[in-house]
Amino acid sequence: MTDDIEVSRHNAVRFPGISPRAYEHPVDRGALATLRAVPGFAQVVKAVSGFYAERGERLMALASAIRVGPKQYPELDKLRNECAETLDLDRVPNLFVARSPEVNAQTIGMDEPFIVLNTAAVEAMDLASLRFVIGHEMGHVLSGHAVYRTIMIRLIGLQMSMSWTPVSAIGIRVVIAALREWYRKAELSCDRAGLLCSQDPTAALRSQILVAGGIDPSKIDIPAFLQQAAEYESVEDIRDSYLKLRYVETMSHPLAVVRAAQLQKWAASEEYRGILAGEYPRRDEDAPSSNWTDDLKSAAKSYKDSWNSSADPLTKVFSDVGEAVSGAAGKVWSKFGGGGNGSDEGSSSESGK
């Protein structure tokens, strides 16, 4: 861990009572709503939760990693408490440092989520970048992501042991695929949470450059780095589009360079500036969880905006298909508890029959 950069927190903004909806990517919320609708998902969650004792997982971390505290990695302990205070968490999660050559961190656990930070990240990053990483993990805690990610990890472990029962194996594979799609979107949300804790887009970018393969961020040309994301998004050969879908399907995290570009775009947005100015939803004002249909609509709009701005030929094809599907879904929900606001959207598809 380098300590040559320490950002003063005297002018840092804190967010009392902030709702995770303030930073959650609309596709994250929509994907989670869709995930909960996957046949058998609720039953799988219940079953997998009963198979494992979370206390055992915490004991393993306690016995095999360094628990951060005032006397062990005190600099990280300070960041841990700062980030929890910034996002106004009710409880400060435990933080462990585990030996690993991968620049990464993770949040696991269902009842009492805790954070594991790899030594490779601690060694490579300055304190400002580590604040972003720890803030990212705090976002997972506040959003309740740790529950579903823990289930995903456990299901992947179960998948091989249950391969002898084809029906069970296929069912688990479907749920794992849905979990991975959701988690890729959840990572985009928590990058935003990390930025709210860091309040330093440059530090966030440094950490993402290291994840992408940078050794010394000062030797990376930022415009050239971000241009890679633009080139990836603007492929003109449909074969490249197919390859993108094929490789992303089994990933648990979004692509590093594209992910960095998306966060920088959000850092320049009015939405981010509004949150810093205190304009954000509070947890005590959140609507009940039954508003998941609104999450689906927000996700559909986000996908549509992304499709419309993309030069990818296959994405443009899916744009037309997705618009038709979302239009049909809007009509269904307008009839079955959707609030009756979908008739105008559905009228254009009626005329095309």
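Are Trp266 and Tyr272 buried or exposed? Both are buried, meaning under 20% relative accessible area, where exposed means over 50% and partly exposed lies in between (1.4 Å probe, protein chains only). The model is predicted: local features need pLDDT of at least 70, side-chain atom pairs count only at pLDDT 80 or more, and totals for chains, interfaces and linings use all residues. Residues are numbered from 1 along each chain as its sequence is written, and side-chain values use heavy atoms, with hydrogens and water left out.

**View 1. The whole chain.** The protein chain holds 16 helices and 4 strands. These are DSSP runs, numbered from the N terminus: helices are H or I with at least four residues, strands are E with at least two. Of its 353 residues, 45% count as buried. Take the contacts (heavy atoms within 4.5 Å) with a separation of 6 or more: residues 24 or more positions apart account for 75% of them.

View 2. The whole structure has 3 aromatic pairs. Rings of Phe, Tyr and Trp (its six-membered ring) pair if their centres lie within 6.5 Å; planes under 30 degrees apart count as stacked, over 60 as edge-to-face and the rest as tilted. Phe96 and Phe114 form an edge-to-face pair, at 5.7 Å centre to centre and 75 degrees between the planes. Phe96 lies in strand 2 and Phe114 in strand 4, so the pair ties together parts 18 residues apart in sequence. Phe96 and Phe114 are both buried.

**View 3. A tilted pair.** The ring centres of Trp266 and Tyr272 are 5.2 Å apart, and their planes meet at 50 degrees, so this pair is tilted.

**View 4. Helix 12.** Helix 12 covers residues 256-267 and has 12 residues. From first C-alpha to last it reaches 17 Å, close to the expected 16 Å. That expected span is 1.5 Å times one less than the number of residues. Among its buried residues are Arg259, Ala260, Leu263 and Trp266.

**View 5. Gln208 and its neighbours.** Gln208 is found in helix 9 (residues 201-212). Its relative accessibility is 6%, so Gln208 counts as buried. The Gln208 side chain makes a polar contact with the side chain of Asp191, at 3.3 Å. A polar contact is a pair of N or O atoms within 3.5 Å; within protein, one must be able to donate a hydrogen and the other to accept it, and residues adjacent in sequence count only if both atoms are side-chain atoms. Not counting residues up to four places away in sequence, Gln208 touches Phe132, Asp191, Arg259, Ala260 and Leu263.
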